[in-house]
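These are my notebook entries on one protein model. I set down what I looked up, entry by entry.

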Amino acid sequence: MSYSVGQVSGFAGVTVRTLHHYDKVGLLSPSVRSRAGYRRYGDADLVRLQQILFYRELGFPLDEIATVLADPQADALDHLRSRHRLLTGRIAKLQRLVEVAEQAIEVQQTGVALTPEERFEVFGEVAFDLSYATDAHLKWQHSEGHRRSMARAAAHSKEDWAHIMAESAAWRGRLTAAFDAGAPADGERAMDLAEEHRQHLTRWFTPCPTAMHGRIADDFAADPRAFALLVPPTEQRPGLAGYLRTAVHANAVHRPDTPEEA
């Protein structure tokens, strides 16, 4: 059996121009002559073309493919190992680029309209891990409260964020002081702190009924990334997230929603 350049182009998925180029550089030349004297590809040529396309898929340059095919027993394994190392390095580089892109997506999905320098200045340590913000966005993207919160966050100025973070820092100090002092999680002091946090969310982001506040506190206790956005790791204590969760749920019983909040 023999095949014309057009036939080989059709079933091999390469262009006629590419086949002509392979012929010109001596990589693959039709080895069969028809009765009319036309050059055609034979079965052995098709096997060689499959090998060429395999190496091309791995990213080998044509001159290196020619070297491998010239002495496959001696060189193919070494060339494949070299290509494997190169591809592994490229994969690692691409993975790093993926991580950078994911971080950029996370930053955009927080809704915080600040430059990177301003983010660092305002958020400090809290800004270092924003992966939870992306998960929260995907989890609650259809929630009206979440959309309202994101819109409010995007509208805040640098000065607003500085005020928000200062409020949060002062509140964290009071929370850790109550925890360190052994104040009961369902006592007045802890419940007051829980209510203060709920009002902070309402004032700066979105109305926060007690049920919503409870879900937020559940996330704080279940996901370290969530709690790290509220209390930086350097300020945390073992059990503090669970302490806050208990205080939030106790506060919901102690201070039920008003009709306006429900």
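How many residues does helix α9 have, and how far does the helix reach from its first C-alpha to its last? I found that α9 (residues 158-180) has 23 residues and reaches 33 Å, close to the 33 Å expected at 1.5 Å a residue. The expected span is 1.5 Å times one less than the number of residues.

**Conventions**

I note that this is a predicted model, in which local features need pLDDT of at least 70 and side-chain atom pairs count only at pLDDT 80 or more, while totals for chains, interfaces and linings use all residues. Residues are numbered from 1 along each chain as its sequence is written, and side-chain values use heavy atoms, with hydrogens and water left out.

**Overall figures**

I counted 13 helices and three strands in the protein. Helices (H or I, at least four residues) and strands (E, at least two) are DSSP runs, numbered from the N terminus. Of the 262 residues, 37% count as buried. Buried means under 20% relative accessible area, exposed over 50%, and partly exposed in between (1.4 Å probe, protein chains only). I recorded an accessible surface of about 15,300 Å², of which 57% belongs to carbon and sulfur atoms. The areas come from the Shrake-Rupley method with a 1.4 Å probe; for residues, only the protein chains shown count as cover. I also looked up contacts (heavy atoms within 4.5 Å). Among those between residues at least 6 apart in sequence, 59% join residues at least 24 apart.

I listed the buried residues of α9: Trp161, Ile164, Met165, Ser168, Trp171, Arg172, Leu175, Thr176 and Ala178. After the helix comes Gly182, whose phi is positive, near 80°.

I then turned to salt bridges, in which a side-chain nitrogen of Lys or Arg is within 4 Å of a carboxyl oxygen of Asp or Glu. The structure holds nine of them. In one, the side chains of Glu167 and Arg203 meet at 3.0 Å, N to O. This pair links distant parts of the chain, with Glu167 in α9 and Arg203 in helix α10 (residues 188-204), 36 residues apart. Glu167 counts as partly exposed because its relative accessibility is 21%. Arg203, at 43%, is also partly exposed.

What does the salt bridge between Arg237 and Asp180 tie together? The closest N and O atoms of this pair are 2.8 Å apart. Arg237 is partly exposed at 31% relative accessible area, and Asp180 is partly exposed at 48%.

**Helix α10 and the residues against it**

I found another salt bridge between Arg198 and Glu195, with the closest N and O atoms 3.0 Å apart. The two residues are separated by about one helical turn, because they are three residues apart in α10. Is Arg198 buried or exposed? Arg198 is buried, at 2% relative accessibility, and Glu195 is buried at 12%.

Asn251 is in helix α13 and is buried, at 1% relative accessibility. Leaving out residues up to four places away in sequence, Asn251 touches Met191, Ala194, Glu195 and Arg198. The C-alpha atoms of Asn251 and Leu193 are 9.2 Å apart, although the residues are 58 apart in sequence. The Asn251 side chain also makes a polar contact of 2.4 Å with that of Arg255. A polar contact is a pair of N or O atoms within 3.5 Å; within protein, one must be able to donate a hydrogen and the other to accept it, and residues adjacent in sequence count only if both atoms are side-chain atoms.

His213, in helix α11 (residues 210-222), is buried at 2% relative accessibility. With the same exclusion of residues up to four places away, His213 touches Ala194, His197, Arg198, Leu201, Cys208 and Val248. A polar contact of 2.8 Å joins the side chains of His213 and His197.

**Strands**

Strands pair if DSSP finds at least two bridges between them. β1 (residues 2-3) pairs with β3 (residues 39-42) in the antiparallel sense over two bridges, and Tyr3 stands opposite Tyr41 in β3. β2 (residues 32-33) also runs antiparallel to β3, joined by two bridges, and the bridge partner of Val32 is Arg40. β2 and β3 form a hairpin with five residues between them, and Gly37 in the turn has a positive phi of about 95°.
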